[in-house]
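Visitor: Please walk me through this model, one element at a time. I would like the conventions stated as we go.

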Amino acid sequence: MSDTGRILSLHLAVLAALLGLHFVAPPYHHANLARVMVLAVYAMGYNIAFGYTGLLSLGHALFFAAGLYGTGLTIQLAGWPAGPALITGLLAGAAVAGGLGLLALRTAGVSFMIVTLMFAQAGYLTILYFTGYTRGEEGFVLPAAARSIGGLDPTGEAARYLLALALFAVALAVNLGLVRSGLGRVMVAIRENEERSRMLGYDPFRVKLAALAISGLYAGAAGAAWGWLFGYVGAGFATIQYSILPLLYVLLGGAGTVLGPFLGALAMFYLIDIASGLTDAYLMVVGVALVVLVLFAPKGILGSLRERWLRWLP
Amino acid sequence: MSFGPYLLLAVLEGLVSAAVLALTAVGLGLVFGVMRVVNVAHGAFFMLGAVIAWMVADALPGPPALGFAAALVVAPLAVAALAAAVDFGVLKRLGYDPDATIVATIGVLYIVEQAALSLFGPDARPVQAPFNLRLQLPWFGYSGYKLAVVAAAVVVLLAVWLVLSRSRAGLVMRATQIDGETARAFGIDTDRVYAGVFALGAGLAALAAVLVVPIQQAHYLMGGDPLLLSFIVVIIGGLGSLRGTVIAALLIGVSEGVVSVFFSPTLAKILATLLVALVLVFRPQGLFGRRAA
Amino acid sequence: MAAVTLLDARGLVRHFDGLKAVDGVDFDLAPGEVHALIGPNGAGKTTFVGLLSGRVAAQAGTIRFAGEDITRLPAHRRVRRGIAYTFQITSVYARLSLAENVGLAVQSRGGDRRREVPEALARVGLEGEAGTLAGRLSYGHQRLLEVAMGLALHPRLLILDEPTQGLAEGEIAAFKELVAGLAPATTVLLIEHNMDVVMDLAQRITVLNFGKVLARGSPQEIRADRAVQAAYLGD
């Protein structure tokens, strides 16, 4: 089988398995998987910036929150229908990421991490500052009636799962297309050697800005979908923890692999789930996982597999 | 109270936060300057210092001054030892790669915070000040202990400065900072220097926390603000410059005291974080640093 | 488009903290020539070609390329206009395959990867290694890969910064043949320490010393120049 054939079959198989699980998974895991799929879209976006382009951001929660609040506030305060509100949310993610990129991409490395962290922190504090509108930490619940789009009601478990799967499938396909496209190759080139890429005629700033905006689009889509599917909007999603989570997912699953973010989100979700059944010290699990990963498996699950056996893995 | 004394009070409060902040930030800046490591767990080390201080003071019977004095010795040493272990067990193995060490210290932050929550509990706990002196000014009385904190911070900062600029240890540190490879070639054990610097940085944070704990109670989440403010101070002061760090700590500490009197603290924090981000973008050498050619 | 000069630089200046790396250099290139830039270490050669390629910003002076002022153009836009630069210290994508390395150059000008990548690799004799990771190549072969990437850009001006450094004798001979075959489509500016390569390839030579042009002329003229001999053979 050609590499392209293998890649297509693998990704279709993952999607088919997730569709199959819709019919057989016990309710508890069914509900978990819907959440994991939305979080995986967020992590995929993170991976486009970090894994493929080499931009280690500590501020992606800002883009997720832009999607979440872009959708939530337009429904809650402006009374928009859910459809336009969703689109506003995902575009808000891309716009905030692009705007932040214009400033933050003037820096690199450690400075870039701190700048993104600071902007995200300022965003979080801004949400708190406007508690009158955003309800701050406590957040608000979007009523079921306001969330349906022309008869499409996302509040049932089944609909929620299938909608999350649909979003995940589109995100996966776009991600796959992106990394095999010209832009995807140049993103990797910038990550590997920025100066060389410049002297091949590529503008590193523009490529990184594009990658960050696409990454923000994914984060915004995930945030918008979260508000729409699960109906809750709160400032907790804008905290530093939500910038660290996708980093953790991507490191665990494998940075620079298309399926890594999903695998990492799935594994981490269940690791925390199992750990919180045993102890309420689940942050300890996150902390230990970060240290162990960065020490012993910096390439993550799929990254290590690709290095040893599956060189065709995108 | 009229405006003048009110402002004086704000400035005094600001001086106290500036003193504590300077100690904490110098620790963070030292680690970054010599090791090029951004220690996200710095705030956690600060918190740990406060928590250990409470534990020591709580365990020792007798006058509060005795417990406090013991805490002043034990907490920084314990935290420094932990930091040296983190350096040896984690950071060194990562080859001090900037990205990887940030991720790892985020992990350490979570581990320390969770450990403190599990062992120490979610409540804030007070430590008694070693003495209860009240300085009576014409307009209001002021805590003598707070002034002692400022004096102690000045003494410690002077000591740090002397060590860095005059002693052999300081020379070795600067040599390692400028060029680790060459320092190694000249027989400097850079592994020990790194472990020592990381321990010293964490110890300074812990010391600052012990000083602050009679004023502000010990709590497992108390490390967040010092971390953020230390970042701000180190960046504004110019990464790796001791003098700039101290000046920036004064500026931020005093203006925070004054600003929070007039603005909502949230708005002040928003403006401060945005300021730091913009300084990094447009003046990466800091407000007081000079641009390298 | 029969320009007499392809590139024309006037009064270029670049100082670093008082060090006059390039100090008022006038320079021109005729289309299709192979021009060598020589001079003692620290004479400012790499800084000078950095000014031409856009990696270093000029503090004074103008650069015109194919009749247009490019003094303020960033490096990547100069590459798109046809100025390719190969690094003095080898700079390839070590963790990507040779085909991907050259492919990125082909893609940059919208070429056909499938056809042009094998072509470019074949020109430097690396056609058998398309799937190898660039980091696994010997140093000499990495230099050849860089040249292949430069060629794949189809540049009008190819700047080679010490291309034969680290090459074996046989490889140098092949390299000379390769460069000689580039004219007249591609103009070559060559920084080179190996005098045999310079004398065999270059039609004109410019000698830099302390950031200034010490001499310029044909290989014969340069060989006979007293000032050049003094600069090289020393005091």
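Guide: Two strands pair if DSSP finds at least two bridges between them. Helices (H or I, at least four residues) and strands (E, at least two) are DSSP runs, numbered from the N terminus. This is a predicted model, in which local features need pLDDT of at least 70, side-chain atom pairs count only at pLDDT 80 or more, and totals for chains, interfaces and linings use all residues. Residues are numbered from 1 along each chain as its sequence is written, chains are lettered from A and ligands numbered from 1 in the order in which they are written, and side-chain values use heavy atoms, with hydrogens and water left out.

Visitor: How many bridges join strand E7 to strand E8 of chain C?

Guide: Strand E7 covers residues 157-161 and strand E8 residues 187-191 of chain C, and the two run parallel. C:Leu157 stands opposite C:Thr187 in E8(C). The number of bridges joining E7 and E8 of chain C is 5.

Visitor: What is the strand order of the open sheet of 6 strands in chain C?

Guide: The pairing in this sheet is mixed. The order is E6-E7-E8-E3-E9-E10.

Visitor: Which helix packs on that sheet, touching E6 and E7 of chain C?

Guide: Contact means heavy atoms within 4.5 Å. Axes are lines fitted to C-alpha atoms, for helices over the stretch in contact, and angles run from 0 to 180 degrees between N-to-C directions. The direction of the helix makes about 165 degrees with that of E7(C). The helix covers residues 139-152 of chain C and is H5.

Visitor: Is C:Gln142 buried or exposed?

Guide: C:Gln142 lies in helix H5 of chain C, and its contacts beyond four places in sequence are C:Thr90, C:Val92, C:Ala134, C:Gly135 and C:Leu137. Buried means under 20% relative accessible area, exposed over 50%, partly exposed in between (1.4 Å probe, protein chains only). Because its relative accessibility is 14%, C:Gln142 counts as buried.

Visitor: Which residue of chain A makes a polar contact with the side chain of C:Glu100?

Guide: C:Glu100 is in helix H3 (residues 98-108) of chain C, and its 17% relative accessibility is why C:Glu100 counts as buried. A polar contact is a pair of N or O atoms within 3.5 Å; within protein, one must be able to donate a hydrogen and the other to accept it, and residues adjacent in sequence count only if both atoms are side-chain atoms. At 3.1 Å, the side chain of C:Glu100 is joined to that of A:Arg185.

Visitor: Which are the edge strands of the sheet of 4 strands in chain C?

Guide: The order of this open sheet is E2-E1-E4-E5, with antiparallel pairing. E1 (residues 7-16) is joined to E2 by 8 bridges, and C:Val13 stands opposite C:Asp23 in E2(C). Each edge strand pairs on one side only, and the two are E2 (19-29) and E5 (68-69) of chain C.
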